[in-house]
Amino acid sequence: MSVVKKLASQTAVYGISSIVGRVLTYLLVPIYTGAFAAAEYGVVTGLYAYVSFLNVVFTYGMETTYFRFANRSGTDRRELYDRTLSLLLLTTIGLTIGLMLLARPLLGLLEIPAGNERYAIWVALILGLDALTAIPFARLRLENKARRFAGIKLAGIVANVVLNLFFIVLCPAVASGKWLPGLQPLVAQVYDPTVGVGYVFLSNLFASGLTLLLLGRELLDFRFRLNLAFLKPLLQYAYPLMLMGLAGMVNETLDRILLPKWLPEGFYPGQSSLTAVGIYGACYKLSIFMSLVIQAFRYAAEPFFFAQSTEKNSPATFAMILKWFTLCCAVIFVGISLNVEDFGQLFLRRPEYLQGLVVVPILLLANLFLGVYYNLSVWFKLTDKTYYGTYIGAGGAVLTIALNFLLIPVLGYLGCALATLACYFMMAILCWRLGERHFPVPYPALRLGLWLLFASALVGLGWGVRVADWWARHAWHAGLTLVFLAALYVVERPRRAAPSPI
């Protein structure tokens with residue numbers, strides 16, 4: 001258990017930046033849903049869906065590749081850092097310029113009117129700045145500088161939140177005379193009401209620039225050195241990871257791109273397709289609690305798994321990690337799903353957003369399986385068979401597209417959520433079965449499957465038995481949550497070994 005505790009402690013440190021930062025960002029959801037109609041918020045949701053895809057292209061698997069090669073014996077980590085970042089710098093410049101030139105076609109795919117090309121240009125700059133921080137952040141993780149990593153991440157997130165509040169809350173209130181009218185001349189110098197939702201992107205852009213500046217120590221230590229012969233094995237390892245990442249983004253974000261394309265006109269009476277995207281995107285945010293745990297875990301686990309791979313008992317360690325990760329995520333799934341209406345009323349400020357809450361439990365469970373997949377995927381990274389990740393991700397992408405095509409015209413954004421769940425479930429199962437052949441790990445698959453069935457049954461019971469009275473409903477949901485926690489304690493609590501008779 002000592003290695004599990006070590007991983008848990010590192011996850012906690014990374015989680016400070018992830019959880020606190022994401023909670024701060026999450027507090028912007030009621031700001032956005034209060035300031036912007038669902039159709040306007042649909043623009044933000046749609047463009048950030050493209051950002052998720054393009055982030056993978058901009059970094060093309062070099063973070064994981066950096067970890068893998070840095071842990072090989074005889075590797076000069078300084079040379080690896082310089083050459084990897086040199087390559088990333090060149091490709092980032094080219095991709096950023098190309099994306100800025102394609103601003104109009106990109107917005108056309110989202111059916112955003114002409115004249116808003118600046119949104120896409122700002123997004124391209126955000127992608128470029130974020131890509132340049134990838135290897136410096138990976139270096140901090142490799143060197144176990146979790147506190148510096150967390151501090152810089154958190155500073156960027158706080159800056160983003162503060163700027164959002166300034167441009168979306170304070171400036172409009174001052175400009176209209178509602179607050180501090182004496183500041184109107186000053187605000188007029190920095191605030192343009194016609195930018196609207198563009199301030200979401202501008203705030204992100206400034207925060208990304210600040211993050212890059214805070215990594216100055218790592219960047220000043222960088223020397224530009226490019227050697228294609230040196231980089232060739234890195235690229236051979238990385239490109240399947242990029243394809244796997246792109247497939248993963250298809251599974252994670254393509255539904256928000258396909259929804260306005262395949263949703264029949266008038267499916268939701270009185271609402272446009274962009275309104276449906278905005279509602280789905282806002283409700284998707286409520287699954288953030290599962291994503292927080294997964295992201296914090298990934299930051300700590302990736303270098304940890306590579307470091308543990310040479311240990312004799314590493315398979316047993318990996319099995320134990322998956323078990324406790326899954327059980328912790330199951331608690332989150334039950335707790336949030338049974339109280340999702342309260343979270344919705346707290347964070348989604350306009351009634352039009354609340355109609356999409358039905359997707360939240362489905363997306364929570366889907367993200368749980370995604371976390372399980374990340375745990376299971378250790379086998380093809382450690383055996384240098386990353387192409388298997390590409391195959392699994394591609395299979396998930398095909399399933400995602402097919403199910404969205406079939407379900408969106410019938411179920412709307414509920415079909416998007418179901419397609420996401422089916423995709424991640426299939427990927428986890430497939431990765432587990434393939435891993436048994438190539439890198440056997442004694443995962444307690446049946447045991448964990450029964451726990452997830454039990455959790456799903458409790459959530460279904462809570463949603464199926466509707467209680468009108470507020471107090472009685474919360475008591476009912478709290479009771480179901482306590483049943484799950486009590487069952488976990490009784491079955492999974494550590495037991496002391498029996499004393500020796502001698």
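Visitor: How many salt bridges does the structure hold?
Guide: The structure holds 14 salt bridges. Bear in mind that this is a predicted model.

Visitor: What does K323 form a salt bridge with?
Guide: The partner of K323 is E492, with 2.9 Å between the closest N and O atoms.

Visitor: Which helices do those two lie in?
Guide: K323 belongs to helix α15, residues 314-337, and E492 to helix α23, residues 470-492. The pair therefore ties together parts that are 169 residues apart in sequence.

Visitor: Are K323 and E492 buried or exposed?
Guide: K323 is buried, and E492 is buried too.

Visitor: And E341, what does its side chain meet in a salt bridge?
Guide: The side chain of R466, at 2.4 Å from N to O. This pair also links distant parts of the chain, 125 residues apart: E341 sits in helix α16, and R466 is in the loop between α22 (445-464) and α23.

Visitor: What is the relative accessible area of E341?
Guide: It is 26% for E341, which makes E341 partly exposed. R466 counts as partly exposed as well, at 48% relative accessibility.

Visitor: Staying with α16, which residues are buried there?
Guide: In α16, which covers residues 340-347, V340, G344 and F347 are buried. Seen down the helix axis, the buried residues of α16 fall within an arc of 85 degrees, so they line one face of the helix.

Visitor: How accessible are E436 and R433?
Guide: E436 is partly exposed, with a relative accessible area of 35%. R433 is partly exposed at 46%.

Visitor: Which residues do salt bridges that share partners join into one network?
Guide: That network consists of R78, D82, R139, E143, K145, D221 and R225.

Visitor: New topic. Which residues touch the most other members in the largest nonpolar core?
Guide: L259, Y280, F333 and Y373 do, in a core of 147 residues. A second, separate core has five residues, among them F137, L140, I152 and L215.

Visitor: What does L259 touch?
Guide: Leaving out residues up to four places away in sequence, L259 touches A276, V277, Y280, I408, G412, Y413 and C416.

Definitions and conventions:
Residues numbered from 1 in each chain as written. Predicted model: local features only at pLDDT ≥ 70, side-chain atom pairs only at ≥ 80, totals over all residues. Heavy atoms only, no water. Core = buried A, V, L, I, M, F, W, Y, C linked by side-chain atoms within 4.5 Å. Buried < 20%, exposed > 50% of the residue type's maximum accessible area, 1.4 Å probe, protein only. Contact = heavy atoms within 4.5 Å. Helix = DSSP H or I, 4+ residues; strand = E, 2+ residues; numbered from the N terminus. Arc of directions from axis to C-beta. Salt bridge = Lys/Arg side-chain N within 4 Å of Asp/Glu carboxyl O.
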